[in-house]
Every structure is written in C-alpha cells, then in structure tokens.
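This briefing is intended to be read beside the sequence and the coordinates. Please keep both in view while going through the points.

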Amino acid sequence: MTKKAIVFDNSGTLLERFRVIKDVGTGEFITNVNSLDLIDTCLNAALVILQFNTNRLKDIDPNTLVSDFVLENKIDFDISYYTTDVSKEEITAILEKDTATIKEITDTFPLLKERVPNMELCNGSAVIIDIAEERIAYTITSAGQLFSGVKDTIAKLQENEIDVFIASGDRSGTIKRLANITGVPEDHAFATASTHRKAEIVGNLQDEGYKVMMVGDGPNDILAFEQADSAVLTIEQRDGDFPDKLKGHADFVIEEISEVLQIDF
C-alpha cells in the first residue's frame, strides 16, 4: 500500500490571516495587500521573519532601533521569500546600518487588535528589506485564527492513515503552537520554510516512499506544487485575485480546506 502525505502551508491555508503592513518611508498602514504580492512588485526585496514573540516589544523603548534590538538580543531571523537571492550575512549587514525603530512595528498593534480581537495565533513580526536601497522598507505584524473545519479535516486525514505535515514561512514558535492545536506531530511541522525549502520537504517525503499532496495559497508554494504528486490551491482566504501563474500550477482549486478529503491522490 502506497504511503500518503499532505503538506499544508499555514497562513491563508490553515489559518485565516490578518496582517498590518507599515510603509516605513511614508508611514502608511496597509491591510489589503498580501505581503508576498508586495514583494513581487519590487525588483530587489526579501521577507525577513524575526524569530521572537512580538509581545516582548511592549516593554521596549519605541525609539530603539530595530537593528539594535535584533542584533543586541541575538534575535534569529530567516529569509522566507525574496525576489533577489540574498544571504543572511547580507541581511545582517543591512540591518546593522538601518535606522527604523521599534515604533514602526508597535504602531501596527492597535489596528491588528481591532481586526482580530480574539486572535488564536500571533504569527509575529517581519520586515521587508529593500535590498537595492539597503533598508527596511516595510514592517509587518500578523495574527489569525483557524479556518473552520481545520481540526476536523486533519483528524479525518489521520484517521484515513494519511500523514499530515505543515511547511510554513512563519516563525518557529507559531508553527510549534499550531501543530499542538491541530494535532500534527511537532516533528511534522517545519517553520520559516522558504520557497525552495518547501519543495525540498515534499521531495524528501517522496524519497521516503510517500505520495504527496501540497496544499497552499501563495507564490511561495509554487515550487512545492511542481514537486508534489498533487497540487491544491486553496482560495478560502479570498484577500485578492489569485494570479493566473498560481492557478496554472494547481491540479485542484478548493474554496474550503475540508474539500481535500474529497480528492483522491
């Protein structure tokens, strides 16, 4: 009997996401744009996930430089998505001379709380680095709640002896908690997974003898879609038009996560 596995993205797939983006240059708050789409409009940009609990910032002087907080506290970070290949060393060098302050992040808190008063998970904070200009261009704070049906769907998949995995660009603390909430084993949950890393996870499972379905909703899932035996695009988030290039990589398009139970792969 062929082993089967499903790899789920997190934000927009398992979790209904809410994010507030702040344009550091103009001070504008953006709530209706997908951060990955924003990066795709830039020629040289990278999404950098900061690996810490955002609540820590409440007790920090808002005029503290983001670079000082990250570097002095040895906050780890990962590059989740990019339009130009860039190393962690290059990002560190940019952070070391950037002048954005903690206030650029904490300014988003009231608006996020207003949008998600009963948030289940705080995905944390991230920044978009303009690589060409060598600066923090945007800060991002996000939170969310599970789509209805997620827990039941995962439980039914597991009852049917389908192994469930999570591969997400979100920070490790969030993904560990998500695994605990949904009943996915912690060693099946991969955090801050880049576009290439997601495809690698799918490929590794195939090497272990699995037939793999990848379920996602964003451009950072495309390589995993191409690698998987079945690719499923979920549009449950509905926060904008899905580009044709994304739909073109999907074998199936679903409106609710429970629909994966009807797909034979």
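The structure is a predicted model. Its secondary structure comprises 10 helices and 12 strands. The radius of gyration is 18 Å, close to the 18 Å given by the globule rule for 265 residues, so the protein is as compact as a globular protein of that length.

**Overall dimensions, burial and charge**

- The C-alpha trace spans about 60 × 35 × 35 Å along the principal axes of the protein.
- Of the 265 residues, 54% count as buried.
- Where contacts join residues at least 6 apart in sequence, 68% of them link residues at least 24 apart.
- The accessible surface amounts to about 11900 Å², and carbon and sulfur atoms account for 43% of that area.
- The side chains include 25 positive and 47 negative ones, and the centres of these two sets are 4 Å apart.

**Helix 3**

- Helix 3 covers residues 88-97, and its buried residues are Ile91, Ile94 and Leu95.
- Viewed down the axis of helix 3, these buried residues fall within an arc of 100 degrees, so they line one face of the helix.
- The face turned away from that buried side carries the exposed residues Glu89, Glu96 and Lys97.
- As background, an α-helix has 3.6 residues a turn, so residues three or four places apart point the same way.

**Helix 7 and the residue that follows**

- In helix 7, which runs over residues 172-182, the residues Thr174, Ile175, Leu178, Ala179 and Thr182 are buried.
- They cover an arc of only 135 degrees around the axis, which puts them on the same side of helix 7.
- Just after helix 7, Gly183 adopts a positive phi of about 85 degrees.

- Most residues other than glycine have a negative phi.
- Glu134 is not a glycine, yet its phi is positive, at about 55 degrees.
- Glu134 sits in the loop between strand 6 (121-130) and strand 7 (135-146).
- With a relative accessibility of 38%, Glu134 counts as partly exposed.
- Glu161, likewise a residue other than glycine, has a positive phi near 60 degrees.
- Glu161 belongs to the loop between helix 6 (150-159) and strand 8 (162-167).
- Its relative accessibility is 60%, and Glu161 therefore counts as exposed.

**Val20 in strand 2**

- Val20 is part of strand 2, which comprises residues 15-23.
- Val20 counts as buried because its relative accessibility is 0%.
- Leaving aside residues up to four places away in sequence, Val20 touches Phe29, Ile30, Thr31, Thr108, Leu111, Leu112, Thr139, Ile140 and Thr141.
- Val20 and Val33 are 13 residues apart along the chain, and their C-alpha atoms are separated by 9.1 Å.

**Ala189 in strand 9**

- Ala189 lies in strand 9, which consists of residues 189-190.
- Its relative accessible area is 18%, so Ala189 falls in the buried class, for which the cut-off is under 20%.
- Not counting residues up to four places away in sequence, Ala189 touches Ile166, Ile175 and Ala179.

- Asp85 is located in the loop between strand 5 (77-82) and helix 3.
- Asp85 is exposed, with a relative accessible area of 63%, and the exposed class begins over 50%.
- The C-alpha atoms of Asp85 and Ala46 are separated by 8.3 Å, although the two residues are 39 apart along the chain.

Definitions and conventions: Residues numbered from 1 in each chain as written. Predicted model: local features only at pLDDT ≥ 70, side-chain atom pairs only at ≥ 80, totals over all residues. Heavy atoms only, no water. Helix = DSSP H or I, 4+ residues; strand = E, 2+ residues; numbered from the N terminus. Rg over C-alpha atoms; globule rule 2.2 N^0.38 Å. Buried < 20%, exposed > 50% of the residue type's maximum accessible area, 1.4 Å probe, protein only. Contact = heavy atoms within 4.5 Å. Areas by Shrake-Rupley, 256 points an atom, 1.4 Å probe, with all protein chains shown as cover. Lys, Arg positive; Asp, Glu negative; His and termini not counted. Charge placed at Lys NZ, Arg CZ, Asp CG, Glu CD. Arc of directions from axis to C-beta.
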